[in-house]
Amino acid sequence: MERRLHPVTPLRRAWAPVAVLVGWAVHDPDQAQRQLTRLTTTHLLIGLAVLIPAAALYGFLTWWFTHYAVTDTELRIRTGLLFRRTAHIRLERIQAIDVTQPLLARVAGVAKLKLDVIGTGKKDELAFLGAGEARALRAELLARAAGFAPETAHEVGEAPERQLLRVPPGVLAVSLLLTGATWGSLLAAAVVPTLLWLATHNLWTVLATALPLVGAAGASSAGRFVGEYDWTVAESPDGLRIDHGLLDRAHETVPPGRVQTVRLVEPLLWRRRRWVRVELDVAGSSNSVLLPVAPREIAESVVARVLPGVTVPAGRELSRPPRRAARCRPLWWRGHGLAVTDAVFAARYGLLRRSLALVPHAKVQSVRLTQGPWRRALRLADVHVDTGANKTVTARLRDAEEAAELLRSQAERSRTGRRDAPPDRWMA
């Protein structure tokens, strides 16, 4: 049976005609200003009397002609006022379902459902549903994707969860202050206006430059703090659940079996505290952060939940390139490292901002060896490992013979890993 979205949805859609006028004014500000100067109070009142009902009618009609239904095999979404569009989303292709609540949606008690589907670059969404209805529909779709019968899927309910980690706001704030990007932005905001003042002695030029730089420096850190506030990771049968956000609250799921790469990022100023940031590459999903900041030991335990049976190699287990690699990348060659275990291909890069990438052998799609003329003369080569998320992890500046052997052995490990890997299923 087809269902409609929450009745508050027309308020969201009603802004479209207003957005068209704003877009026209931004595109041609001179013409917009000339038109506004010609308008009288009467014209403005008549325009508002036409625009407001038109916007309300547009919002109502788009809501009225939007339906969704869950069939035995798919989620069907029908939209469109003049041009109809029907999306058929097969349930077994669903990789993740996120529930997000912008600030105004939280006030209204509604939520947005976003679906990550294999083979699509853009998320389909249902906006808005009642908060309870959104969670119930999410639980039903996950149960159906896991193979439960249609008549019992709605009775399964949301899978239980066990909290693994919660990032304290104080730790998050300190981590942002210790990030090089924050200090780089603040340094630019201090140095560039000073140089401009010495060169021009023009206060307006200095202010026009300083204010955007200071705003960008504050927005980058403040934006991350607001978005990553109260970051919580919990474990459930349908994957790792992530909740975060100060104003806009998001409820995301890391789909099991679809993680292609895990990266442990370690900025220079974090090393004394042994903090790391954990990022992900997930096939068919836009979720990219697992932990914004956490002690390394805790981060490694969470990584073990994402990649069962995987142990993060310690720094001493990573082999550096040969010393002649310094001729290609002086000093920076020391930041590269490589370790291949029974479970993962691990490559490290970066000297000041270290990043250790872990690729399970079963997720490797192809292996390539590249060697330019200068590296060929130095008997060096790079080995590239391509994953199912259209990303590449590279072991750089390896000895040419070692790289050739790595190419052959990694291809065999990948074949064996794919053969022995369990199926990618929800609630497996």
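**View 1. Arginine 4 over the face of tryptophan 63.** Arginine 4 lies over the face of tryptophan 63, at 5.8 Å from the ring centre, where a charge is taken to sit over a ring if NZ of Lys or CZ of Arg is within 6 Å of the ring centre and within 35 degrees of the ring normal. The charged end of arginine 4 also sits over the ring of tryptophan 64, 3.7 Å from its centre. The model is predicted, with local features needing pLDDT of at least 70 and side-chain atom pairs counting only at pLDDT 80 or more, while totals for chains, interfaces and linings use all residues. Residues are numbered from 1 along each chain as its sequence is written, and side-chain values use heavy atoms, with hydrogens and water left out.

**View 2. The aromatic cluster of Phe60, Trp63 and Trp64.** These three residues, Phe60, Trp63 and Trp64, form one aromatic cluster, and the structure holds five aromatic pairs (rings of Phe, Tyr and Trp, the last by its six-membered ring, pair if their centres lie within 6.5 Å; planes under 30 degrees apart count as stacked, over 60 as edge-to-face and the rest as tilted). The rings of phenylalanine 60 and tryptophan 63 have centres 5.8 Å apart and planes at 50 degrees, so this pair is tilted. Both residues lie in helix 4 (residues 41-64), three residues apart, about one turn of the helix; helices (H or I, at least four residues) are DSSP runs, numbered from the N terminus. For phenylalanine 60 and tryptophan 64, the ring centres are 5.9 Å apart and the planes at 25 degrees, so the pair is stacked.

**View 3. A nonpolar patch on the surface.** Leu187, Val191, Leu195, Trp197, Leu198, Leu203, Trp204, Leu207 and Leu211 together form a nonpolar patch with about 980 Å² of accessible area (patch residues have over 30% relative accessible area and no salt bridge, and nonpolar side chains are joined within 5 Å; a salt bridge is a side-chain nitrogen of Lys or Arg within 4 Å of a carboxyl oxygen of Asp or Glu; areas come from the Shrake-Rupley method with a 1.4 Å probe). Helix 9 (180-200) and helix 10 (203-228) are the elements that give two or more residues to the patch, and helix 9 gives the most, with five residues. Leucine 207 is placed in helix 10 and is partly exposed, with a relative accessible area of 33%.

Key: Patch = residues over 30% accessible without salt bridge, like charges linked within 9 Å, V, L, I, M, F, W, Y side chains within 5 Å. Buried < 20%, exposed > 50% of the residue type's maximum accessible area, 1.4 Å probe, protein only.
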